[in-house]
Amino acid sequence: MIQRFIEIGEGYSDIYELLEIAKRNQDRISHFLVLYTVKNGKEVCSLVIVLKPTEIGDFQPLYICREGIPNPQKKTNKRFELFQQAAETYGHELIELVVKPSDQFSDVELYYQHLIGILRMNRYIPSLQ
């Protein structure tokens with residue numbers, strides 16, 4: 001199985017694309033994730049929609065708006081509220097995790113590999129067979 005993060009952006013206006021992906025793929029949604037971190041001294045979060053793997057090709061996309069949304073526990077914001085409402089609308093709870101920031105990795109792909117390892121270890125996505 002191929003599991004890959006697909007970066008939509010940092011979550012400014014591109015949050016609406018992430019929500020549209022959820023709307024168009026309601027039957028494929030596996031999880032709504034919130035990844036909390038501290039980047040450049042600011043408490044932020046990444047929002048992730050994990051889809052179920054495709055039947056053909058065994059590909060599992062994880063759509064992400066990376067580290068551009070203020071931590072809602074510190075500063076309420078409409079973008080997080082929209083994501084939370086989408087999760088509720090489609091019958092999912094938010095899964096919240098605290099992770100390292102992406103700038104602690106030499107390459108963003110290494111960061112995504114790290115996150116995939118965390119998600120596999122916690123059984124939010126299947127391990128490779």
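A: Start with the whole span: in this predicted model, the end C-alpha atoms of residues 1-125 sit 11 Å apart, and the span is 29% helix and 37% strand. The UniProt record, an unreviewed entry, annotates residues 1-125 as "domain: DUF7147".

Now the pocket itself. The largest pocket holds about 200 Å³ of space. Its lining is made up of Glu10, Tyr12, Lys39, Asn40, Lys42, Val44, Arg66, Glu67, Gly68, Pro70 and Arg79. Sort those by class and you get 6 charged, 3 nonpolar and 2 polar residues. As for where they come from, strand E3 (42-51) and strand E4 (59-70) each put at least two residues into the lining, and E4 is the top contributor with 4.

Most residues other than glycine have a negative phi. Asn40, not a glycine, has a positive phi of about 55 degrees, and Glu67, also not a glycine, has a positive phi of about 55 degrees too. Asn40 belongs to the loop between strand E2 (29-39) and E3, while Glu67 is part of strand E4. Asn40 counts as exposed because its relative accessibility is 66%, above the 50% cut-off. Glu67 has a relative accessible area of 7%, under the 20% limit, so Glu67 is buried.

Terms used
Residues are numbered from 1 along each chain as its sequence is written. This is a predicted model: local features need pLDDT of at least 70, side-chain atom pairs count only at pLDDT 80 or more; totals for chains, interfaces and linings use all residues. Side-chain values use heavy atoms; hydrogens and water are left out. UniProt positions are given in the numbering used here, feature names are shortened, and annotations may be inferred rather than shown by experiment. On a 1 Å grid over the protein atoms alone, a cavity is a set of points where a 1.4 Å probe fits but cannot get out, and a pocket is an open set with protein on both sides within 12 Å along at least five of seven lines; lining residues have an atom within 4 Å of a point. Grid points are joined across faces, edges and corners, and a volume is the space filled by probe spheres set on the points. Ala, Val, Leu, Ile, Met, Phe, Trp, Tyr, Cys and Pro count as nonpolar, Asp, Glu, Lys and Arg as charged, and the others, Gly among them, as polar. Buried means under 20% relative accessible area, exposed over 50%, partly exposed in between (1.4 Å probe, protein chains only).
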